[in-house]
Amino acid sequence: MGLNTFKMKNHNLYQYCLQLGDTSFILSHRIAEYCSKAPHLEEDLAITNVGLDLLGQAESFLKYAAEIKGDGTSEDDLAFKRKEKDFKSIHLCEVPNFDYALILVRQFLMDIYNNLLFNELSESKDAIINGISKKSIKEIRYHLQRSKDWMIRLGQGTEESNQKIQYALDTLWMYTNELFYDSSAEIELEKEGIAVLSSSLETEWRKKTKEIIVEAGLVVPENQPHSMQYGKDGIHTEYLGYLLAEMQHLPLLYPDAKW
Amino acid sequence: MSEDNQGILWEVFLQPKPGRPFKHVGSLHAYDKKMAMTAARDLYTRRGEGKGIWLVRAEDIVSSELEDGEAFYDPSNDKIYRHPTFYNLPDGVKHI
Amino acid sequence: MEDQKKLAEFQEKIDADIKIEPRDWMPEKYRQNLIRQISQHAHSEIIGMQPEKNWLTRAPSIRAKKILMAKIQDEAGHGLYLYCAAETLGVKREQVLNLLHEGKAKYSSVFNYPTISWADMGAIGWLVDGAAIVNQVSLQGTSYGPYSRAMVKICMEESFHQRQGYEIVVTLAKGTPEQKQMAQDALNRWWWPSVMMFGPHDAESAHSNQSLKWKIKRESNDELRQRFIDKTIHQGEILGLTFPDPDLKWNESTGHYDYGEIDWDEFWNVVKGNGPGNKQRLKHHIEAHENGKWVREAAIAYADKLNSKTKTA
């Protein structure tokens, strides 16, 4: 392998790890924001477990990305000192917590997606991605079990809960297009058996989400066209900037400090 | 519409390892069985305390009555022949 | 007459260190006293999530964020264990929560102070949890079985909390001058509220005597406070931090630290609801509760549907 090919491969791998890591990282941050606000004490604990799993996954991917970068950058540098445009998180995870319905539906849509994605990535030819995915898939299977139960519980619960969940589904649906958008890093790494093309997960994702949405007594929203500006390319929602401003505030204010 | 409440009280029993007996570890509130099971997992196995969970609705537990205490338990006090240490064995005998 | 006999038997059990269980006979005052103390303790755990949650979204490293998140989660768990312990005495969780929301139930005043810097996460773990642990270790020996069992579990889980806080303080104290100042500032603000966590002096404590006689509490406020002070001073001094009490000094003859006068006006002021965060903390809890109402109602309705299905099947 020539030096340039090596550099390109590393560049793609780095970007891909950011894409996976940032998405989990931002979603876990949204869950952290919800801490102490759940409808039921048991649920506060349960949802925090999901957040902790996601944070662990994010840490693993960002650590690997830092290693690939290889210039002494740490996972914390990537998390707390990177600019917004260099984040590769997807829009669906950036949407702020509106209410429990939105938090649940966002999680449910992501859980189905992550379940498919990490199942495939457990076969990745990259040993590290393979390892992280094998560990993560166990966590994600549980997340999906929980979010599926709640979708059905609230979809079938009361008229009010059904409406709220439907509203959240309708609101979030336009963000699901990005789930199936193939980033340039993905396209290159898929050829080597390292990454999975996002577009390849679409059919199965639509089938699985539909099954549960219907069982919950809800309606699958119509697909909507999207502007094609995506987080995977570093173009984000307006929400991410505020999230980062809060999250990165200490390390940026005290650049020389260690925590 | 149903009145707002905190759900049913469940008692949680954990099996620390396969093959071991289940032990009572605490309680929780949940509205249905599935929720009770995931809540038990999320609440009582955060530090790897168990590999098996039993759940019982608190109201379904049958408990001995305190007033019966003496009649229930004292009669076994003098049946010491039920314990292996009651028996005299010759010195040096093994495997018994 | 009957009650006198039962009361004497009850006290004999207590004196013999036999635990009281939910179905055992107990004086009504014992039950009420326990309900008050356990639910107050539970509310403290739950309200105590808020000052820490305030920095969860600003934790400066992934490691710090994971630890803090797990710690706040533990506190939710501890509140939950304690609500369940109170429930064995015949009060439902919704009743206990209602009393909190109506302002009729208390929680530890220390959580009404604001967390205004990251160092406060260190101070809470080191000092507030440090004080709480002294109390909780003692309460493992409480006479009421379910309370005692909850305490044993809580103490086991809490063991990492104080270290987590102290580790933050250590890192700051050894960091840049600004960080060290941050640590000192947190110690200045959290020291006295932590010392006050043990409540009024023994002579002024309303519930103490009866509680000690029934072994609901095992040691007096002042005994516990002294133990906390004695073990904490050294931990601060090796970091080069100064405690905000000029009267603090080792007393060779008693084998304890002497400490200065506690500002009881401040203490009672905060207890009575005039602390910097009383209204804010309660409002947060009430809002979360009200926002969750539709979810709980839906869960009840869904459970009803499941039940009617199994009945007709």
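How many residues does the contact take from chain A and from chain B? The contact, counted where heavy atoms lie within 4.5 Å, takes eleven residues from chain A and 14 residues from chain B. The model is a predicted one, in which local features need pLDDT of at least 70 and side-chain atom pairs count only at pLDDT 80 or more, while totals for chains, interfaces and linings use all residues. Residues are numbered from 1 along each chain as its sequence is written, chains are lettered from A and ligands numbered from 1 in the order in which they are written, and side-chain values use heavy atoms, with hydrogens and water left out.

Between chain A and chain B about 1200 Å² is buried, 55% of it on carbon and sulfur atoms; buried area is the accessible area (1.4 Å probe) that two parts lose on being put together, summed over both. On the chain A side, A:His40, A:Glu42 and A:Tyr142 lose the most area to chain B, together 42% of what that side buries. Helix H6 (residues 127-156) of chain A packs against helix H1 (residues 33-44) of chain B at an angle of about 145 degrees, with the axes 11 Å apart. Helices here are DSSP runs (H or I, at least four residues) numbered from the N terminus, and axes are lines fitted to C-alpha atoms over the stretch in contact, with angles running from 0 to 180 degrees between N-to-C directions. H6(A) passes H1(B) in a left-handed crossing, that is, with the near helix turned anticlockwise from the far one by less than a right angle. Among the residues making this contact are A:Tyr142, A:Asp149 and A:Arg153 of H6(A) and B:Lys34, B:Met35 and B:Arg41 of H1(B). The count between chain A and chain B is two salt bridges, a salt bridge being a side-chain nitrogen of Lys or Arg within 4 Å of a carboxyl oxygen of Asp or Glu. B:Asp32 forms a salt bridge with A:Arg153, with the closest N and O atoms 2.7 Å apart.

Chain C and chain A bury about 4100 Å² between them, of which carbon and sulfur atoms give 70%, and the contact involves 44 residues of chain C and 51 residues of chain A. The axes of helix H2 (residues 41-69) of chain A and helix H4 (residues 62-87) of chain C come within 10 Å and cross at roughly 165 degrees. The two helices are therefore roughly antiparallel to each other, the term applying to angles over 145 degrees. A:Glu59 of H2(A) and C:Lys66 of H4(C) both take part in the contact, and their side chains meet in a salt bridge (2.5 Å, N to O). A further salt bridge links C:Arg93 and A:Glu42 (2.7 Å, N to O); C:Arg93 lies in helix H5 (residues 93-101) of chain C and A:Glu42 in helix H2 of chain A, so the pair joins two chains.

Within chain C, the axes of H4(C) and helix H7 (residues 145-173) come within 10 Å and cross at roughly 160 degrees, and these helices are therefore roughly antiparallel as well. H4(C) passes H7(C) in a left-handed crossing, in which residues including C:Ile67, C:Asp74 and C:Leu82 in H4(C) meet residues including C:Tyr147, C:Ile154 and C:Phe160 in H7(C). Over all chains, the count comes to 41 salt bridges.

Terms used: Parallel < 35°, antiparallel > 145°, perpendicular 65-115°, else oblique.
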